[in-house]
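Me: I would like to go through a protein model carefully, one question at a time. Please show it first.

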Amino acid sequence: MPAHVSTLQLLGVPALVLVTAVCIGCVGRALRRRRFEEAAQRYARSEGAARRHREVLRALPQQSQSGPDLESVELTPAERDAFAVLMRQFREGRS
């Protein structure tokens, strides 16, 4: 311990660092809580809106859930040969 520095000066810097860390932690926690509460309110509002939309859309007929029909294209003999060569190259490990 240096002779020209008092005990209060030595304890002052760690105390300030500790107080700063506590303040940063408290502010961060308050901001997180506020963000959480705002998100909860948005969710509650959107849930109410979704419920209203379901009630309004009940009059519409149910849409089919099937996808589009599968499409197929006939390949020319040259395209088939090129595809076969490509598959052979992939099997051999060349790309």
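Me: Is Glu38 buried, partly exposed or exposed?

Reply: This is a predicted model, in which local features need pLDDT of at least 70 and side-chain atom pairs count only at pLDDT 80 or more, while totals for chains, interfaces and linings use all residues. Residues are numbered from 1 along each chain as its sequence is written, and side-chain values use heavy atoms, with hydrogens and water left out. Buried means under 20% relative accessible area, exposed over 50%, and partly exposed in between, with a 1.4 Å probe and protein chains only. Glu38 has a relative accessible area of 34%, so the residue is partly exposed.

Me: Which residue forms a salt bridge with Glu38?

Reply: A salt bridge is a side-chain nitrogen of Lys or Arg within 4 Å of a carboxyl oxygen of Asp or Glu, and by this rule the count comes to one. The closest N and O atoms of the pair are 3.3 Å apart. The partner of Glu38 is Arg34.

Me: How many helices does the protein have?

Reply: Helices (H or I, at least four residues) and strands (E, at least two) are DSSP runs, numbered from the N terminus. Helix H1 covers residues 7–57 and includes Arg32, whereas helix H2 covers residues 77–92 and includes Phe83. With zero strands, the number of helices is two.

Me: How many disulfides does the structure hold?

Reply: A disulfide is a pair of cysteine sulfur atoms within 2.5 Å. The cysteine sulfur closest to that of Cys23 belongs to Cys26 and is 6.5 Å away, which means that the two are too far apart for a bond. The number of disulfides is therefore zero.

Me: Which residues form a nonpolar patch on the surface?

Reply: Patches are made of residues with over 30% relative accessible area and no salt bridge, where like charges are joined within 9 Å and nonpolar side chains (Val, Leu, Ile, Met, Phe, Trp, Tyr) within 5 Å. Together the patch residues have about 300 Å² of accessible area, and they are Phe83, Leu86 and Phe90.

How values were computed. Areas by Shrake-Rupley, 256 points an atom, 1.4 Å probe, with all protein chains shown as cover.
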